[in-house]
Amino acid sequence: MKLHYKIILIIFASWLHAHDNQFKKKNENQLLCIVFPSILRKNNISFLYAQCSKNDRLFRLVHESLGQQKLKEDIKKLTERIHYNQKPFFTFTVKVLLDEKLLTDKVLWSFKSNVGFVIYPLCQPNRHKYYKQQFLKIHTNKEKLFFDGKQVNSDIIMIKSLNGFFEFNNCSYHGSVLLVRNNDRFFLINQLDIEDYIFCVLRWESWPGWPIEVNKAFAIACRSYLIHQVAEAAKSNRVYHIKNTNIHQTYKGIHNNKELRKAINQTRGLILTYNQKPIVAMFDCCCGGIIPAHLSYIDFNKAPYLARTYQCNFCQPSKIYSWQLKYSLQDFELLLKNAGYPLSEIKHIAVSANDMAGSVQEVVIHDKATSLKLTGKQMYSLLEKVKSFCYSIEKKGKDIYFNGKGYGHHVGICQWGARRMIDLGWNYRSILAFYYPGTKLMELKNTI
């Protein structure tokens, strides 16, 4: 590490120490998010503040938690923000569920870091242990945890890579790992900064090659959905905030798309609210022109902002606005059989009930001996190729044909509609107002 970077750290430590009486009156979060945002993200606030006047310890902490290249970037940010007196960013640590297993399951988790790990049993945080090897293996046996073959007795364990990045299941991640034993399960949780999380999610929940303005709208929707889930986790005492699959939002770790990073930075801390509460900002790929307020499977009393009463026609040029697919009778009967419905020689199949929006409520199937009724949700779960809830069904010879509209659940932002709106001159604020009527944009503050 070059000498002048050490000098800058020493100057920073001395400056902070000299102003100790002034800054003791401030909240630690407010202070550290002004002078060292990346340290704040790595959850070392109290330790850094307590040791900031000890130059060697400060240097070691920064070096180990961020790495040399990351340190250079953060020193640049630090000096710029002190010089220009910028306002502090909102900071919050998100807990993303990567995996969960029953205590009785036999589990093997493997992590990789090029610079090694440090393990903190949170019941005894001062008894941390360094692992210099690249790979750290954790397994369970008879409800007990073992790290590289050695038992660890703690219900909550934090695992940190010494450079702030780690690999798990062929994906790279920011932040740290929290291993929690709660009730009858082990929970594997990734802890990272909120904006790093939204940046990672946007790679999978948006279209990275699209204009930045539309991805700004998607970034705000993803952030709003996350904050809603954080509130729900607090209500239910859930040990994590959000899952890493499309049950909540798809999250597969780090990527390097610079345009998506711009969309994050230009909407930093912004969320959508209704009655001053974060909304469930649902969205789908293409709404197919369906009016959401006419859908019967959504409880709009809980989410009135999703009850859009007017049609979106912006997605009409999309190739997935309408769709067709075909199943052979043999394949369709096999799917039914595997799902526990042993029908054979189907004679007739049709949609027997729709709601006002055209969404399928019931499908009736007749074979040579009996009949079967399935709900729209059962059909959607059964048939992976079906793209939405709005379709018709017809049997022709030895095949079954589906003709449908839209791709997804028809609620919230229509992604292809929003893309077309950008071409017509709409901005991200007007797009969000169109798809989530009655909502307001709010900026997150350092109060949660």
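**Entry 1: the model.** I am working with a predicted model.

**Entry 2: Lys216.** I looked up Lys216 and found it in helix H9, which spans residues 212-236. Is Lys216 buried or exposed? Its relative accessible area is 9%. The cut-off for buried is under 20%, so I call Lys216 buried. Next I checked what its side chain meets. I found a polar contact with the side chain of Gln266, at 3.3 Å. Leaving out residues up to four places away in sequence, Lys216 touches Ala263, Gln266, Thr267 and Tyr428.

**Entry 3: the largest pocket.** I then turned to the largest pocket, which holds about 1,400 Å³ of space. I noted 41 lining residues. Nearest the centre of this pocket lie Asn246, His248, Met282, Phe283 and His409. Which element supplies the largest share of the lining? Helix H9 does, with 5 residues. Among the others giving at least two residues each are helix H8 (194-205) and helix H12 (376-382). I sorted the lining by type: 20 nonpolar, 12 polar and 9 charged residues.

**Entry 4: the cores.** The largest nonpolar core has 90 residues. Phe111, Phe147, Tyr197, Tyr435 and Tyr436 touch the most other members. H9 turns up here too, giving the most to this core with 11 residues. I also found a second, separate core of 22 residues, with Leu329, Leu343, Ile346 and Leu382 among them.

**Entry 5: Tyr435.** Setting aside neighbours within four places in sequence, I listed its contacts, including Tyr305, Arg308, Phe314, Cys414 and Met421.

Definitions and conventions:
Residues are numbered from 1 along each chain as its sequence is written. This is a predicted model: local features need pLDDT of at least 70, side-chain atom pairs count only at pLDDT 80 or more; totals for chains, interfaces and linings use all residues. Side-chain values use heavy atoms; hydrogens and water are left out. Helices (H or I, at least four residues) and strands (E, at least two) are DSSP runs, numbered from the N terminus. Buried means under 20% relative accessible area, exposed over 50%, partly exposed in between (1.4 Å probe, protein chains only). A polar contact is a pair of N or O atoms within 3.5 Å; within protein, one must be able to donate a hydrogen and the other to accept it, and residues adjacent in sequence count only if both atoms are side-chain atoms. Contact means heavy atoms within 4.5 Å. On a 1 Å grid over the protein atoms alone, a cavity is a set of points where a 1.4 Å probe fits but cannot get out, and a pocket is an open set with protein on both sides within 12 Å along at least five of seven lines; lining residues have an atom within 4 Å of a point. Grid points are joined across faces, edges and corners, and a volume is the space filled by probe spheres set on the points. Ala, Val, Leu, Ile, Met, Phe, Trp, Tyr, Cys and Pro count as nonpolar, Asp, Glu, Lys and Arg as charged, and the others, Gly among them, as polar. A nonpolar core is a set of buried Ala, Val, Leu, Ile, Met, Phe, Trp, Tyr and Cys residues joined through side-chain atoms within 4.5 Å.
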